[in-house]
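Student: I have a model open here and I'm new to it. Can we go through what some of the labels on it rest on?

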Amino acid sequence: MRLNRLNASAHPPLLRGRLRTRLLTALTGLAALTLVGGLLLAWPGRAGAAADPLISRGKPATASSTESSSLGAKNAFDGDPATRWASTEGKDPQWIRVDLGAGATVSRVRLTWEAAYAKAYRVEVSADGAAWTALADETAGNGGVDDWTGLSGKGRYLRVQGTARGTSYGYSLFEAEVYGTVGGGPQPGGSFTVVAAGDIAAQCTASDSGCAHPKTAALAQRIDPKFYLTMGDNQYDDARLSDYRAYYDRSWGAFKAKTRPVPGNHETYDPAGPLAGYKSYFGSIAYPQGKSYYSFDEGNWHFVALDSNSFDQAAQLSWLKADLAATTKPCVAAYWHHPLYSSGGHGNDPVSKPVWKILYAAKADLVLNGHDHHYERFAPQDPEGRATADGIVEIVGGMGGAEPYPIEEVQPNSQKRISGPYGVVKLDFTDSGYGWTYVATDGQVKDTSPKYSCH
């Protein structure tokens, strides 16, 4: 059952759902509301929801946008009815989400709208912040208080995704309250494995003995990681949707649902438009937060997936700063296509330097890139390339299937370089650190990293 009341200043109270047809046709005014209140307390769904504790108060929150710095996402979860979150005005869609800190069973969500309400929205849950499941769907919202009870959803993250505004402004919530029990889903912490590679699918298939990406895909699948990261140039040459279907999908596409991709420069060459084939093929997997960049958590780690084709745009950098400020995870890894440092044919790419500065200031631990078709690891360093114990470790992992590039000019702090054997980076993450191996398609370990602790 769901109860929805409008702001009294705008309209008289309105009851929605099953009780409306049973009661409001016969009762009006204050007497109706009194009787309805008594019935609600006796209603089984309502009683069950009331028994569950509030689990969202003070938890980390993020949003697709904010109208100003004083109207941030955290205001919707602070328990103060005088503060609120507000999105950018005049734009759909917009979302706000909360990290419940661990897997939870959600039974009730109560939304208190400001005058700028949602006419249409979804309440969704997710275990990983990437794949979302709908708990409730509103198509005729009218503001006030929306009290969704009798829900049954499991996940660590809860999101309210506004798809149609009820006013000409944005979306604004005084409070978003999530009720349930923590412990009904995946818990934070623990060790897990990730496979990463960039520069993957040439225009060839397994029927061609010289085609490498089916071999790296077979290796990646045998490792069976928690999930897969791709560092751009997933499909050559122009990343058309037809090429994705003809080549990438027949190899790395086998574990598409467990893949967390980012685009490379070849994804911008599509004649249908930059990233058109990439977006059509991956869909919400590549755009889980409505943009070509996004973030998600696993265990004690916060992962940030970035689009280095648009590092010159302020919007992504602003989002990155806000995302890093909101995370409570002690360990941070980021990945994108163009490396700041590389000993390969493309060499160093300064387009990534502003991002490095933001990550370094946030004490990020690890960066993974592609673009140059070789494997390379660097010692911890700062954005200026100075070796330092509190620096960021960078890996270039562009050996997913595209033709290898030679090593040309060895950069300072480069510790290991391999060009020739195709393979993947197998990363092992723990609660407090990480390490990795570079594994070739013949199963041979070609390099083993030091063990690093999170900053």
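Student: What makes the largest cavity a cavity, and what volume does it have?

Tutor: Its volume is about 110 Å³, a volume being the space filled by probe spheres set on grid points joined across faces, edges and corners. A cavity is a set of points, on a 1 Å grid over the protein atoms alone, where a 1.4 Å probe fits but cannot get out. Keep in mind that this is a predicted model, where local features need pLDDT of at least 70, side-chain atom pairs count only at pLDDT 80 or more, and totals for chains, interfaces and linings use all residues. Residues are numbered from 1 along each chain as its sequence is written, and side-chain values use heavy atoms, with hydrogens and water left out.

Student: Which residues line the largest cavity closest to its centre?

Tutor: Of 14 lining residues, Pro-60, Thr-62, Arg-97, Asp-99 and Asp-297 are the closest to the centre. To count as lining, a residue needs an atom within 4 Å of a point. Strand S4 gives the most, three residues.

Student: How do you know how many of the lining residues of the largest cavity are charged?

Tutor: Asp, Glu, Lys and Arg count as charged; Ala, Val, Leu, Ile, Met, Phe, Trp, Tyr, Cys and Pro as nonpolar; the others, Gly among them, as polar. That gives five charged, five nonpolar and four polar.

Student: Which residues of helix H8 are called buried?

Tutor: Val-355, Trp-356, Ile-358 and Leu-359. Buried means under 20% relative accessible area, with a 1.4 Å probe and protein chains only. H8 itself spans residues 353-361, a helix being a DSSP run (H or I) of at least four residues, and a strand a run (E) of at least two.

Student: Why do you say they line one face of H8?

Tutor: Down the axis, the buried residues fall within an arc of 160 degrees, so they line one face. The arc uses the directions from the helix axis to the C-beta atoms. They pack against helix H7 and strands S15, S16 and S18, contact meaning heavy atoms within 4.5 Å.

How values were computed. Buried means under 20% relative accessible area, exposed over 50%, partly exposed in between (1.4 Å probe, protein chains only). On a 1 Å grid over the protein atoms alone, a cavity is a set of points where a 1.4 Å probe fits but cannot get out, and a pocket is an open set with protein on both sides within 12 Å along at least five of seven lines; lining residues have an atom within 4 Å of a point.
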